Each structure stands twice: as structure tokens, then as C-alpha cells.
Amino acid sequence: MRASELLMPTLREVPAEAEVISHQLLLRAGFIRKSAAGVYTFLPLGMRVLHKIVRIIREEMDREGGQELLMPIIQPAELWQESGRWDVYGPELFRLKDRHGRDFCLGPTHEEMITALVRGEVSSYKQLPLYLYQIQNKYRDERRPRFGLMRGREFIMKDLYSFDRDEEGVAVAYRKMFDAYCRIFQRCGLTFRPVEADAGAIGGSDTHEFMVLAESGEAALLFCSACDYASNVEKAALPPAAQPEENPAQPIRKVETPGRRTVQEVVDFLGIRPQNLIKTLLYRTDQGVIAALVRGDRDVNEVKLQNVLGCLRLELADAAAVRAVTGADVGYAGPVGLGETRIVADLEVASMANGVAGANEDGHHYLNVNPGRDFTAGFIADIRTVRAGEPCPCCGAALEEAKGIEVGQVFKLGAKYSQKLGCTYLDENGQSRPVVMGCYGIGVTRTMAATVEQNHDADGIIWPAAVAPFQVVVVPVNTKDSEQVSLAEDVYKRFLTEGIETVLDDRPERAGVKFKDADLIGYPVRVVVGAKAVTDKQVEVRLRRNGEVTVIPLEQITGTVKMLLKEA
Ligand code: ATP
Ligand code: MG
């Protein structure tokens with residue numbers, strides 16, 4: 001490709017709206033352009049990277065027996081009503097009506113669609129297992145579309161669904177996909193980690209997320225410094241709790257704590273330790289307002305809390321709702337005398353003796369609150385967030401924390417969807433059984449962004465060769481020197497003959513401008529054809545990753561570049 005004919009609109013300025021580096025660089029280097037919040041056009045360079053990633057994914061899916069198909073983006077509401085998710089999915093679902101008033105949605109995911117397809121086509125155990133996948137746009141009206149391709153409202157996903165006769169079958173599929181995902185992200189040149197994850201709204205049991213390690217990641221991970229335990233913080237379990245100290249129950253006592261609302265203010269005022277405070281948070285849920293109790297030095301893990309309650313929606317109650325339930329300001333809520341409000345106590349709170357809690361009265365707290373005696377929790381469960389430094393639930397060594405970008409997730413779904421949608425097969429004995437399913441997603445466009453997050457420097461992107469839009473850029477230094485130009489043309493043509501994806505930067509620009517663009521766009525290899533090419537038949541080869549420059553004889557150029565690309 002000749003740069004003079006390529007649509008590669010690079011920008012010198014950092015676009016103001018772009019917070020994270022991948023967003024900035026993909027805009028600046030001319031890979032994407034925004035059309036609406038979370039909706040992007042892929043320019044030719046961006047499209048080439050997408051093709052590279054898609055090809056890797058396709059190869060690895062096919063290798064494990066995946067069969068590619070393409071389902072519609074527009075999905076009838078009836079399918080979602082059958083699975084029960086039409087009412088549950090919430091405002092993230094893009095809903096629309098056709099001219100007859102029939103309800104549809106834009107597919108955020110395709111469990112319903114594929115299960116309905118398979119129920120129509122599969123009837124016998126002889127047709128199983130079946131692994132079906134597609135690579136296609138998905139639509140989610142995210143609350144906060146941001147970070148460019150990282151969290152879009154329209155994005156590309158690879159979604160594979162496995163159909164098996166039983167749990168053993170889906171375990172095999174899960175393993176295959178897990179391994180394929182490791183190969184895919186390795187081939188993309190990413191440093192990643194599979195972590196245990198929460199199954200969330202999609203349902204099912206076993207699930208892992210594939211996390212690309214990056215500071216800009218929205219997910220917090222915990223991993224063990226000694227064993228291979230790794231988990232999303234949302235899911236991270238607790239090691240068995242230590243026995244509480246001996247501390248005989250004292251009579252409960254109300255004290256004045258005027259203006260002391262936060263944990264720190266109450267702790268300082270009463271001269272207690274935060275571990276002795278019962279932090280009470282009120283949440284509004286589809287099951288009514290509930291109170292969640294954790295120790296003063298802990299945080300509520302809302303994912304765990306939601307799972308304990310089995311509720312569909314959960315959000316912190318606002319000041320008015322808190323007053324309506326407790327009769328007091330935020331900061332004075334406590335579990336004693338809460339009436340009908342359901343209480344969920346963290347394990348640590350349940351074993352606390354003589355704790356301090358809000359008195360549900362402005363400016364007052366209770367001392368010597370004892371669970372069981374002074375209040376009753378409807379649920380006692382692990383609902384707190386585990387932090388770095390706490391012991392690993394597997395081996396007890398200290399946990400470490402990292403940030404990650406979720407680029408993929410694998411799920412065992414079991415019979416959740418097949419049962420609801422009536423996707424069954426006849427076994428060897430002619431008995432009807434629900435198909436056992438798994439689903440496996442990769443964010444293709446997010447993977448592109450994650451690759452940039454991990455591979456860049458101050459000058460621009462550093463594409464791993466496997467996903468680079470072009471492998472090489474050939475730059476004639478002086479486009480007014482016809483000999484240089486013709487030698488550069490010659491190198492360019494030789495590369496093309498060898499199948500090396502090359503851009504010839506034939507634009508009538510200064511060399512400095514071309515070098516800047518080359519670094520910004522991030523071609524793995526740059527070949528400079530300058531005065532020395534004419535006088536000494538020598539060209540300069542530079543590696544983007546480490547800036548290493550070598551001067552080599554012109555006739556060796558193809559061999560050298562091929563070797564460098566193999567290493568990259
Ligand atoms: P998140 O927790 O980040 O919102 P998710 O867990 O809801 O993602 P899945 O339903 O597991 O997403 O979708 C499979 C993959 O699709 C994710 O692992 C992620 O890589 C990608 N993905 C999900 N939502 C988006 C989005 N809004 N923009 C870009 N990619 C996304
Ligand atoms: Mg996910």
C-alpha cells in the first residue's frame with residue numbers, strides 16, 4: 001500500500017475526550033473515529049488489525065472443532081421472554097419496535113437465539129457435542145460508555161456456544177475453550193491471566209475471565225504470591241475466619257456522637273478501633289430496602305451481596321430513603337431496632353462481640369452491640385471485599401492486587417437456557433434430556449484496545465507483529481531524489497513479492513514527519529532508504545519495539561526483514 005493513497009489521518013494533538021492511552025493513540029494514529037458515545041468507525045488501519053485478531057480467533061476456534069455461523073443482530077422479544085431475561089436485562093438492552101408494534105432488541109449476547117436454533121435442529125445424542133460460534137457486532141447501552149473501544153455500546157464479540165449431553169461433555173468443551181483462549185491471547189502478544197469470576201446475570205456455575213494486565217483496567221484482581229490462585233475481586237473468597245477473641249457481652253448503651261457520621265469520625269470520637277464498628281449500609285433492591293453489615297475497616301462487595309439475596313437490582317439507598325427507613329441521617333444507621341428491614345451480616349460482624357453501631361437516631365450510636373442478642377440477621381454470609389495482603393484461600397500466602405482488562409470470559413451454563421427454552425435431545429434409551437451448554441466470549445474490539453494499552457511508548461503504538469496493520473514501512477528520505485525514490489520502490493516491490501505487508505511512505509513530506517507517523521502508527525519494522533542507499537547500496541532497518549537500528553546491504557534487505565519479523 002502506498003501511504004499517498006491510504007486513509008491514515010494521523011493527529012498531532014491528543015484528543016481531549018480520550019482518557020486512556022489506547023483511546024488516545026487509536027484516534028491519533030488514525031485507526032478509529034467516534035460517531036457517537038461508544039460507537040466507532042474502524043478506518044482502514046484499524047480494520048486491518050481487527051482482521052488479524054479475528055483470524056487468530058477463527059483459527060483457534062476451528063482448531064477445537066468450532067463451526068462458524070452468523071445469527072441476526074435483531075432478535076425477537078419472544079425469545080427473551082421465554083428465557084425470562086426480557087424483564088431482567090434492564091436499560092442496557094437496546095429495545096425497538098417494528099412498524100407493526102412488535103418488540104425486538106439488538107443482541108447484547110446470543111444465548112436465547114442459539115438455543116432456539118439448536119432446539120429446532122438437534123434431536124438426538126448422535127448430533128452432540130456441537131460447538132457453534134460467530135464474530136459479530138453486539139449492542140449494549142452501557143451506563144458509562146468510555147475509554148474508546150474498551151467499553152463501547154456497539155462492539156465486536158466472538159461468541160461460541162457449546163452443546164453437550166452432560167456435565168462431563170461441557171467440562172471437556174470448557175477445557176478446550178480455556179486452552180484456546182490462552183493460545184489466542186498469547187498469539188496476540190498479550191500478557192494476561194485467567195481468573196476465577198462471578199457468574200453474574202448470565203447465570204451458570206464455573207466461569208473464568210481472561211484479564212489483560214494493565215493499569216487502566218476496570219477490573220480489580222487478586223492473585224496469590226505463592227500458588228496459582230487468581231480471582232476477580234468481585235468473586236474472591238475468604239480463607240476460614242480466625243476464632244473471635246473471648247469478650248463477654250456487656251449491656252448495650254446509647255451514647256451521643258454529635259456530627260460524627262463517617263467511620264473515621266466515630267472511631268476517633270469514641271476512641272475505638274474500626275474493627276469494632278459495625279458499618280451499616282442500606283441498599284434499595286427489587287426485594288425492598290435491605291441493610292448490609294460489615295466491619296468498619298471493610299467494604300461491602302455488592303456482587304456477593306446480590307448473590308446472597310438473589311436480587312436482580314441493587315443500589316445504595318439515597319439520604320431520603322435512609323431517613324425513611326431509619327428515621328436518621330446517613331451515618332447513624334445501625335441494625336438495632338430496624339424493624340422489618342432485612343439484615344445481611346458479614347461473617348466477621350456475626351462473630352463480633354460488643355460492637356459499635358449507629359442508633360438510628362441523629363447524633364447517636366450504640367455501644368456493646370451483640371449480634372443475636374440485639375438484632376437478628378436474616379442472612380449471615382461472606383459479603384465483604386477481600387484486599388491485597390490478606391491470606392490466599394488456597395495456601396494462606398499474602399494476596400497481591402492488580403488491575404485487568406477483561407478481554408474474554410468462559411462459562412459453564414448447564415441447563416439454564418436449554419430448560420427454559422426447551423432445547424432437549426433423546427439419549428441412547430430414548431429419554432428426553434436438556435442439552436448442557438457453555439458459552440465463551442471474546443471482546444474483539446476490546447482486545448485491540450488492550451493490545452495498545454500493553455504495547456506503546458511515548459511516541460505511539462508498538463504493535464506485536466501478529467496483529468500489526470502492516471509489518472513494515474519503507475521510507476524514502478528525500479522524495480525529490482529520483483534515485484532514492486526508485487530504490488525505495490524497488491524494496492517495496494520486493495517485499496510485496498515476498499508477501500510482507502508493507503506501506504511505502506511516498507508522501508511528499510519531510511522525513512521527520514514520516515518517522516513520527518511511523519512511530520505513532522507502530523509498524524514493527526521501518527526501512528529507511530536515504531542517501532547511503534544511492535552511494536553505498538545500504539539501507540537502515542529499525543525495530544519499533546526497542547529502537548534498534550542496523551545498517552545493511554540493500555541486497556540482504558528481504559532476508560533480514562523476514563528474520564526480524566519472525567523474531568517479533
Ligand atoms: P464487563 O464486565 O466489562 O461489562 P461483561 O462481563 O458484561 O463485560 P461478557 O458478557 O462476558 O461481558 O462479554 C464477553 C466479552 O465481550 C467480554 O469479556 C469483553 O471482552 C467484551 N465486552 C463486553 N462488554 C463490552 C463493551 N461494552 N465494549 C467492548 N467490549 C465488551
Ligand atoms: Mg464477562
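**View 1. Elements that line ligand 1 in the predicted model.** Strand β21 supplies four residues to the shell around ligand 1, the largest share. Residues belong to the shell if a heavy atom lies within 4 Å of the ligand. Strands are DSSP runs (E, at least two residues) and helices are runs of H or I (at least four), numbered from the N terminus. Five residues of the shell are nonpolar, four polar and five charged; Gly counts as polar here. This is a predicted model, in which local features need pLDDT of at least 70 and side-chain atom pairs pLDDT 80 or more. Residues are numbered from 1 along each chain as its sequence is written.

**View 2. Polar contacts of ligand 1.** Of the 14 residues around the ligand, Arg-140, Glu-142, Arg-151, Gly-152 and Glu-406 come nearest. A polar contact is a pair of N or O atoms within 3.5 Å. A polar backbone atom of Gly-152 is 2.8 Å from a nitrogen atom of ligand 1. Oxygen atoms of the ligand take part in two further pairs: one is 3.1 Å from a side-chain N or O atom of Gln-409, and one is 3.0 Å from a polar side-chain atom of Arg-446. The protein buries 82% of the 580 Å² that ligand 1 exposes when taken alone (Shrake-Rupley method, 1.4 Å probe).

**View 3. The largest nonpolar core.** Such a core joins buried nonpolar residues through side-chain atoms within 4.5 Å, buried being under 20% relative accessible area. Phe-31 and Trp-463 touch the most other members among its 67 residues. Helix α5 (residues 167–187) gives ten residues, the largest share.

Notes: Chains lettered and ligands numbered in written order. Heavy atoms only, no water. Polar contact = N/O pair within 3.5 Å; in protein donor to acceptor, adjacent residues only side chain to side chain. Buried < 20%, exposed > 50% of the residue type's maximum accessible area, 1.4 Å probe, protein only.
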